[in-house]
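Colleague: I have just opened this one for the first time. Could you walk me through it?

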Amino acid sequence: MTDHAVIIAGGGPTGLMLGAELRLAGVDAVIVERKVERVRVGAGALGLHSRTLEVFDQRGIADRFLAAGKPMQVLGFANLRFDISAFPSRHPYGLALVQKHTERILLEWAEELGVPILRGAEVSGFVGDDSGVAVTLGGGRPLRGQYLVGWSRG
């Protein structure tokens, strides 16, 4: 027996996007986020690439990001400007938008979709077996899933 099909360790942009995508596919996923606060402290990344905007456009949420950011050509390698304005894309530009706003918009979308987020919870251990994975959250709280998705900061 499982609590969720997929447990996602981390509620940053990648975890939020994965949670939303799984929800759209009808998969029961939960995000486990160690931060209690909903808003990122600090800027983080400074913008989004053209392809990211295309993916957001496929999901019908690109306008949310465009309203919050500023379309612009992005710098390339060694301060050489790469002009992508002729790319065959609806978004042949980068978008200046700091990560805290990207996370806020993705969080709002994930919440609209009903993705559960366990805040103030951190994965402290896990053990896999033939039927899934047993996850231990800080304080010893157990959680079980078919899959655990996560990454290391370090």
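Predicted model: local features only at pLDDT ≥ 70, side-chain atom pairs only at ≥ 80, totals over all residues.

Colleague: What do Glu 54 and Arg 51 form?

Modeller: They form a salt bridge, in which the closest N and O atoms are 3.1 Å apart, and Arg 51 counts as partly exposed because its relative accessibility is 49%.

Colleague: How many salt bridges does the structure hold?

Modeller: It holds seven. Among them is the one between Glu 21 and Arg 59, whose closest N and O atoms are 2.7 Å apart. That pair links distant parts of the chain, since Glu 21 sits in helix H1 and Arg 59 in the loop between helix H2 and helix H3, 38 residues apart.

Colleague: And Arg 144, is that one buried or exposed?

Modeller: Arg 144 is buried, because its relative accessible area is 17%, under the 20% cut-off. Its salt bridge partner is Asp 129, with the closest N and O atoms 2.8 Å apart; Arg 144 lies in strand E9 and Asp 129 in strand E7, so the pair ties together parts that are 15 residues apart in sequence.

Colleague: Changing topic, what order do the strands have in the open sheet of three?

Modeller: The order is E3-E5-E4, with antiparallel pairing. Strands E3 and E4 stand at the edges with a single partner strand each, so one side of each is left without a neighbour in the sheet.

Colleague: Which residue is the bridge partner of Leu 48 in E5?

Modeller: That is Leu 95, and two bridges join E3 to E5.

Technical notes. Residues numbered from 1 in each chain as written. Heavy atoms only, no water. Pairing = 2+ DSSP bridges. Helix = DSSP H or I, 4+ residues; strand = E, 2+ residues; numbered from the N terminus. Salt bridge = Lys/Arg side-chain N within 4 Å of Asp/Glu carboxyl O. Buried < 20%, exposed > 50% of the residue type's maximum accessible area, 1.4 Å probe, protein only.
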